[in-house]
Amino acid sequence: MLPPQALLLAVVLALAALQALASDTFIAAVYEHAVILPQPTEQPVPPSHALALMHKNMDVLEGAIKEAAQQGAHIIVTPEDGIYGWRFTREAIYPYLEDIPDPAVNWIPCTDPSRFGPAPVQERLSCMARNNSIYVVANIGDKKPCDSSDPDCPRDGRYQYNTDVVFDAQGKLVARYHKYNLFRGETQFNYPKEPEAVTFETPFGKFGIFTCFDILFYEPAVVLVSKMQVDTVLFPTAWMNVLPFLTAVQFHSAWAMGMRVNLLSANTHNTSMAMTGDGLFTPEGPATYHYDSATEEGRLLLAELSTQPRLSPTYPPAVNWSLYATSIQKFPGESDTFSGAVRKDIFTFSELRDKDGNYTVCQGDLCCHLVYQMSNKSEDEVYVLGAFDGLHGSVIKYHWQICTLLKCPSTNLSTCGQPVETAQTKFEMFSLSGTFGTSYIFPEVLYNGVQLAPGEFQVLRDGRLKSKCGTSKPLVTVTLFGRLYEKDPPHPLRSSL
């Protein structure tokens, strides 16, 4: 017979599972993990040393998983690189990898750990899920042998993949995803030969999954939402924040609103590499989020989300993102523009000289239109309207169209576009729109101190991003991110190592 405490916990978890079956909502959790990193080395460590490090990280993750389950969470997402970190050569990461089978094999590693050879990491993750009756999402490494009959087989005779795994509440492996869009430093991994669109059904909605850099590309990100019609995207990431635009909470919230799905974003936490920012994001905005560049601690977040957001009465209507901007017969001319760099992207800027006005800036096929009124213009702060229409990125390039109302770091216009996260000026109103050549637009407002503005702006069906009642906090950026996937050049690195 179970002891009273264990019996009570089993009853609570069973009731939670039954509630999930009958509910239009579910409780989701993400954990931002301060990863315990290995010592940098170019040579492989003994497998026992690799496993010891991974157990240290899994000890921390298990604590977060238990806490989330006790608070009623049905699923928890943990970060990319959350079990072993990222300081690896191709050879050095090998002891950390396991053979991860196709989920079609119907496998519960917790109860049958040796079925596919040694798999201590999968066994422990499976047991975490099973023992706490919660779906567990984690990022680990997969290894697959190959030989000379495969013309793409790497010289060392194996493929190595950055891999997400999902275990259901019984501990069964229900999803495996190999990251398709590797960031430039991930030379320890291979690209899968074809992009994977991984989905799975749960009692609380249809889920899709991809990893970090994948979010910026058509495959798999747009395919999962537009073609596979998932309700929620699981998103392990190791996101290095890049102000003024690509901070984690800023862009991930914008993506969820633009794609009109739930996004469960779990980030690693490492302030020396500007890694922080996770959240539970919905089509209406963030349910909860966390951004902390001051401490070295992890953070667990939970929120109640809609199982099928498309059926929600608050689901945002479809937007014609260029309707308003293209309906303006003649844009007010702005001859006094200047160029400024956001990292390596050259924007066209126009300074907002007055406390209120109507401005337009154009670059390429994109014209950005702004109507605004400042409420307490600080004399030592400069704001600009900016437009960018072109390729972004260094090795891997992709096509952006961006309209932005942006604070400059100083009154020197040459600084406009450089990182800034503080401001003093509030706005009574703003309305930003653009003549975008794509329907994939991601809207977001960023306040002083890298804070989002949930409930304080709206997107009209004609494509205008508007404030509701003025800004409650000083404004850093108002941005419409557009992605022209069809103009992306071929990926230069999609070949085996």
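Let us start with the rings: the count comes to 33 aromatic pairs, where rings of Phe, Tyr and Trp (its six-membered ring) pair if their centres lie within 6.5 Å, and planes under 30 degrees apart count as stacked, over 60 as edge-to-face and the rest as tilted. Please keep in mind that this is a predicted model, in which local features need pLDDT of at least 70, side-chain atom pairs count only at pLDDT 80 or more, and totals for chains, interfaces and linings use all residues. Residues are numbered from 1 along each chain as its sequence is written, and side-chain values use heavy atoms, with hydrogens and water left out.

With phenylalanine 442 it forms an edge-to-face aromatic pair, 5.7 Å centre to centre and with 80° between the planes. This pair links distant parts of the chain, for phenylalanine 251 is in helix α5 and phenylalanine 442 in strand β20 (residues 441-447), 191 residues apart. Helices (H or I, at least four residues) and strands (E, at least two) are DSSP runs, numbered from the N terminus. Phenylalanine 251 also pairs with phenylalanine 481: the ring centres are 5.4 Å apart and the planes are at 85°, so this pair is edge-to-face. Because phenylalanine 481 lies in strand β24 (residues 475-483) and phenylalanine 251 in helix α5, the pair ties together parts that are 230 residues apart in sequence. Phenylalanine 251 and phenylalanine 442 are both buried, and phenylalanine 481 is buried with a relative accessible area of 0%. Here buried means under 20% relative accessible area, exposed over 50%, and partly exposed in between (1.4 Å probe, protein chains only).

Now for the open spaces. The largest pocket has a volume of about 1,000 Å³. On a 1 Å grid over the protein atoms alone, a pocket is an open set of points where a 1.4 Å probe fits, with protein on both sides within 12 Å along at least five of seven lines; lining residues have an atom within 4 Å of a point. A volume is the space filled by probe spheres set on the points, which are joined across faces, edges and corners. Of the 41 residues that line the largest pocket, Phe183, Arg184, Met240, Val242 and Arg343 lie nearest its centre. Domain 1 (22-311) and domain 2 (322-487) both give residues to this lining, so the largest pocket lies between them; the domain bounds come from an automatic or database domain assignment.

The second largest pocket holds about 600 Å³ of space. It is lined by 30 residues, and the closest to its centre are Met257, Arg260, Pro283, Pro316 and Pro317. Elements that give two or more residues to this lining include α4 (218-227) and α5 (248-259). Both domains contribute here too, so the second largest pocket lies between domain 1 and domain 2.

Finally, some backbone details. Most residues other than glycine have a negative phi, and most peptide bonds are trans. Arginine 260 has a positive phi, near 65°; it is found in the loop between α5 and β9 (262-267) and is partly exposed, with a relative accessible area of 23%. Cysteine 212 has a positive phi near 40°, and its place is in the loop between β7 (205-209) and α4. A cis peptide bond joins glutamate 219 and proline 220, with omega about 5°, and proline 220 is found in helix α4.
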